[in-house]
Amino acid sequence: MTTTQLPMGVGIRSFLGAPSVAPSADALRRDGVKAAFLGIPYEGANMYRYGQSGGPSAVREATGQFFSYHYDYDVDLLEAYNLADCGDVATVPADVAASHVRMKETTLELLEAGVLPLIQGGDHSIPLGTIRALSEHTPGRVGLIQFDCHLDSSDEAFGSRQTGSSHLRRTAELPNVDPRNIVHIGSRGLWNPKEQADYCADAGINVYRMRDVRRLGIAQVVKEAIELASDGTDAVALDVDLDALDCPHAPGVCSPEPGGLTSGQLFEAIDLVGQSGVVKLAQVVELAPIWDPSGLGARMACYVFFTLLGANAVNLNGAGAHA
């Protein structure tokens with residue numbers, strides 16, 4: 001498989017100009033893919049304003065503005081990972097449960113090929129498919145590092161247990177997930193009900209509110225998060241809801257709230273997580289480009305993936321990245 005990059009703005013849009021490869025374990029193994037972009041343009045379990053279905057296409061469009069060489073890490077991402085674009089999951093608009101099954105089945109194909117999935121949502125219900133896939137694929141325990149403004153740990157919302165406000169609780173209930181290996185970073189404000197905070201405390205989920213980040217510093221928080229999420233686990237998922245960022249840094253999200261992370265803080269965090277080498281699945285959710293004509297949020301999502309790949313390249317045989 002060739003990874004020759006076209007001039008910026010030329011050609012059919014794919015993630016960073018990567019070749020299109022079917023989301024099939026056989027096809028991905030055949031082409032030697034180490035990381036692959038997968039879109040999940042689904043917003044059928046969203047709890048507030050809509051527009052997240054446009055996330056994957058906006059990210060692909062935004063990557064057309066970048067080269068594949070990451071200056072900060074001295075590594076070409078296309079070459080180091082033999083990067084591929086696996087297209088979008090064919091979800092079922094009127095069936096939330098069936099959509100999550102399709103997300104799980106497609107993500108499993110990537111995991112079974114030994115590929116690092118780079119998943120762009122979509123609303124924040126997609127962990128009910130993607131992290132469940134990681135759970136089923138992993139023989140041992142699974143951990144989670146999540147950046148989010150909201151705890152999203154309700155037992156049900158409006159009669160449904162499969163929504164963007166309950167995914168953290170559903171993850172904690174997976175058979176090989178110990179809540180003590182779940183770390184949530186960035187919660188704040190007036191949209192985190194007391195019952196959700198109480199559940200996280202009672203279950204043993206590690207919560208770092210934004211006031212904790214300000215007090216301890218992002219580097220200390222993330223170093224502790226890596227230790228907690230990787231303690232006794234065989235795989236860690238990275239989950240980034242863009243509303244973890246302060247409003248000016250990502251205005252186009254489902255539920256924007258003031259007082260969040262700066263882009264610099266988020267990228268410092270992703271850098272540390274990437275260097276640790278523990279992440280086996282990464283996803284970004286809640287990008288709603290319809291609310292952000294500037295395209296800033298899409299670029300933020302791109303840089304989450306770029307930073308993770310650049311930092312993680314030190315863990316690839318022969319990649320030779322520089323911190």
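## Turns in the backbone

Aspartate 74 counts as partly exposed because its relative accessibility is 33%, where buried means under 20% relative accessible area, exposed means over 50% and partly exposed lies in between, using a 1.4 Å probe and protein chains only. The structure is a predicted model, in which local features need pLDDT of at least 70 and side-chain atom pairs count only at pLDDT 80 or more, while totals for chains, interfaces and linings use all residues. Residues are numbered from 1 along each chain as its sequence is written, and side-chain values use heavy atoms, with hydrogens and water left out.

Aspartate 74 sits in the loop between β2 (69-70) and β3 (75-76); helices (H or I, at least four residues) and strands (E, at least two) are DSSP runs, numbered from the N terminus. Most residues other than glycine have a negative phi, and most peptide bonds are trans. Aspartate 74, however, has a positive phi, near 55°, and asparagine 82 also has a positive value, near 45°. Asparagine 82 is found in the loop between α3 (77-81) and β4, and its relative accessibility of 17% is why it counts as buried. A further backbone feature is the peptide bond from glycine 121 to glycine 122, which is cis with omega near 15°; glycine 122 is placed in the loop between β5 and α5.

## Salt bridges

Side chains of opposite charge can pair when their charged atoms come close. A search of the whole structure finds twelve salt bridges, each being a side-chain nitrogen of Lys or Arg within 4 Å of a carboxyl oxygen of Asp or Glu. One of them joins the side chains of aspartate 26 and arginine 29, with a distance of 3.3 Å from N to O. Both residues belong to helix α1 (residues 25-30), where they are three residues apart, about one turn of the helix. An α-helix has 3.6 residues a turn, so residues three or four places apart point the same way. Aspartate 26 is exposed, with a relative accessible area of 59%, whereas arginine 29, at 46%, counts as partly exposed.

Arginine 60 takes part in two pairings, and the closest N and O atoms in its salt bridge with aspartate 85 are 2.8 Å apart. Aspartate 85 is in strand β4 (residues 84-88) and arginine 60 in helix α2 (residues 55-63), so this pair ties together parts that are 25 residues apart in sequence. Both aspartate 85 and arginine 60 are buried. The salt bridge of arginine 60 with aspartate 88 has its closest N and O atoms 3.0 Å apart. Aspartate 88 also lies in strand β4, so its pair with arginine 60 in helix α2 ties together parts that are 28 residues apart in sequence. Aspartate 88 counts as partly exposed at 41% relative accessibility, while arginine 60 counts as buried at 9%. Elsewhere, Asp155, Arg169, Arg170 and Glu173 are linked in a network of salt bridges.

## How the helices pack

Two packed helices are described by the angle between their axes and the distance between the axes. The axes of helix α2 and helix α11 (residues 296-312) are 8 Å apart, at an angle of about 75°; axes are lines fitted to C-alpha atoms, for helices over the stretch in contact, and angles run from 0 to 180 degrees between N-to-C directions. The two helices are therefore roughly perpendicular, since angles of 65 to 115 degrees count as such, under 35 as roughly parallel, over 145 as roughly antiparallel and the rest as oblique. Ala58, Val59, Ala62 and Thr63 in α2 meet Ala298, Arg299, Ala301, Cys302 and Phe306 in α11, where contact means heavy atoms within 4.5 Å. Seven nonpolar, one polar and one charged residues make up this contact of α2 with α11; Ala, Val, Leu, Ile, Met, Phe, Trp, Tyr, Cys and Pro count as nonpolar, Asp, Glu, Lys and Arg as charged, and the others, Gly among them, as polar.

Helix α2 is mostly covered, with seven of its nine residues buried, and these buried residues pack against β1 (35-40), β4, β5 (116-121) and α11. In another pair, the axes of helix α4 (residues 96-112) and helix α5 (residues 127-137) come within 7 Å and cross at roughly 45°, and the two helices are therefore oblique to each other.
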